[in-house]
Amino acid sequence: MYDNYRRHLNKTIQWLLKSNHTKGGSSAHFNPVNGWSKPYPETTGYIIPTLIEYSHQYEDLKAKQVAYNFAKWLSDIQHETGYWNGGLYPAKKEDPSVFNTGQILFGIICCYKEADDLKWRKSAQKGAKWLADSIDSEGLWNVGHYTGFNPTYYTRVAWPMLLVANATGDDFIKDKAVQVLDKLIKRKKANGTFWGWGFEKNKPAFTHTIAYTIRGFIEASILLEDWDRYGSKVEPTLEKLYKLSELNNGRLAGAYDYEWQPTDYYSCLTGNVQVALCLMRWYQLNGDLQLLNAASKLIEFVNDTQFMNTPINALNGAVAGSKPIWGRYMMGRYPNWAAKFHADALMLFLELSKKKEKEWSTAEL
């Protein structure tokens with residue numbers, strides 16, 4: 001299994017490196033008809049930690065250098081007030097984006113921790129400060145939406161704010177992030193779903209945004225060293241996703257409504273591996289090997305869809321938005337964030353599995 005997972009990981013990372021756009025950043029997606037898209041600042045930001053983690057685990061200097069180049073590009077296009085625009089680059093107009101700014105912070109603060117360069121600290125703090133200043137007394141953002149409301153997956157904006165706050169000692173940013181999380185945790189329904197965790201208020205949510213929501217709460221609780229505050233409250237949601245994963249042998253539906261009714265004609269591959277990451281993070285806290293087993297099934301489902309040896313070079317290592325490719329999520333495209341989360345899930349699974357195997361070997365001695 002390890003060798004097979006490593007092969008898939010290498011292919012995914014190589015594909016991410018191929019997405020490096022000549023204008024800077026990572027192309028948002030590849031389409032067999034239209035080719036590579038323009039670069040996407042949002043996902044370029046959170047691809048950076050993936051490349052740096054890979055460089056650590058496998059001593060790949062090229063991956064680290066590309067990550068640094070991505071971060072430099074992002075810093076160069078940051079608005080002087082701290083935010084980043086929404087959408088692909090170049091933006092047609094000034095369009096401050098809460099979510100994009102948050103996702104870019106993942107990469108900038110990662111580079112600061114890695115290289116201890118004050119330019120990264122300044123950029124990250126400026127971006128997080130813009131986010132914090134834009135939060136109103138209710139714990140909501142009053143600017144920078146592309147959905148028309150504050151979706152619950154903004155937990156994934158509060159999470160990088162906490163990373164910046166921890167790295168810089170900025171209590172104002174930390175307090176504002178907590179204010180957002182305290183607001184969003186109240187949206188939980190009795191069955192473990194959350195109001196507003198999709199792109200539209202009252203429509204089924206892709207597993208992509210469902211996992212965004214849950215992961216934000218998990219990581220925030222870990223950073224705050226207070227599992228009860230948010231983490232324990234999403235355990236019923238994690239339990240439901242675990243059961244759905246097991247019942248369907250690693251295939252989650254593309255989307256679910258507030259009653260857990262599936263949109264089942266396709267699977268959102270990005271969401272599949274993101275849910276695997278959530279289950280593995282929970283496993284790290286409670287040690288339940290069933291969670292690791294479920295994560296492996298979710299990952300293997302995506303592995304089976306990945307191009308490993310095709311004459312079209314740009315497709316080697318690619319992960320589609322949906323299975324089948326005409327599914328509603330990123331129809332006909334191979335997004336860079338699908339590859340990012342696939343790589344993250346593979347690296348974490350390999351790390352946890354090898355650690356558990358070592359524990360068993362030691363116990364036998």
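**View 1. Lys354 meets Tyr2.** Here the charged end of Lys354 sits over the ring of Tyr2, 5.7 Å from its centre. "Over a ring" takes NZ of Lys or CZ of Arg within 6 Å of the ring centre and within 35 degrees of the ring normal. The model is predicted, so local features need pLDDT of at least 70 and side-chain atom pairs count only at pLDDT 80 or more, while totals for chains, interfaces and linings use all residues. Residues are numbered from 1 along each chain as its sequence is written, and side-chain values use heavy atoms, with hydrogens and water left out.

**View 2. Lys189 and Tyr258.** In this close-up, the charged end of Lys189 sits over the ring of Tyr258, 5.1 Å from the ring centre.

View 3. H1 covers residues 2-18, 17 residues in total, and reaches 24 Å from first C-alpha to last, close to the expected 24 Å. That expected span is 1.5 Å times one less than the number of residues. Helices (H or I, at least four residues) and strands (E, at least two) are DSSP runs, numbered from the N terminus. Which residues of H1 are buried? They are Tyr5, His8, Leu9, Thr12, Ile13, Trp15, Leu16 and Leu17. Buried means under 20% relative accessible area, with a 1.4 Å probe and protein chains only.

**View 4. Tyr40 against Trp337.** The whole structure holds 27 aromatic pairs. Tyr40 and Trp337 make an edge-to-face one, 5.8 Å centre to centre with 65 degrees between the planes. Rings of Phe, Tyr and Trp (its six-membered ring) pair with centres within 6.5 Å, and planes over 60 degrees apart count as edge-to-face. The partners are 297 residues apart: Tyr40 is in the loop between strand S2 (35-36) and helix H2 (41-58), and Trp337 is in helix H12 (residues 336-364). Tyr40 counts as buried at 14% relative accessibility, and so does Trp337 at 7%.

**View 5. Trp197 against Trp260.** This pair is edge-to-face because the ring centres of Trp197 and Trp260 are 5.9 Å apart and their planes lie at 75 degrees. Trp197 belongs to the loop between helix H7 (171-184) and strand S3 (205-206), and Trp260, 63 residues away, to the loop between strands S4 (255-256) and S5 (262-263). Trp197 is buried at 1%, and Trp260 is buried at 8%.

**View 6. H5 crossing H6.** The axes of H5 (residues 118-133) and H6 (residues 155-168) come within 10 Å and cross at roughly 130 degrees.

Key
Buried < 20%, exposed > 50% of the residue type's maximum accessible area, 1.4 Å probe, protein only. Phe/Tyr/Trp six-rings, centres within 6.5 Å; stacked < 30°, edge-to-face > 60°. Axes fitted to C-alpha atoms, helices over the stretch in contact; angles between N-to-C directions.
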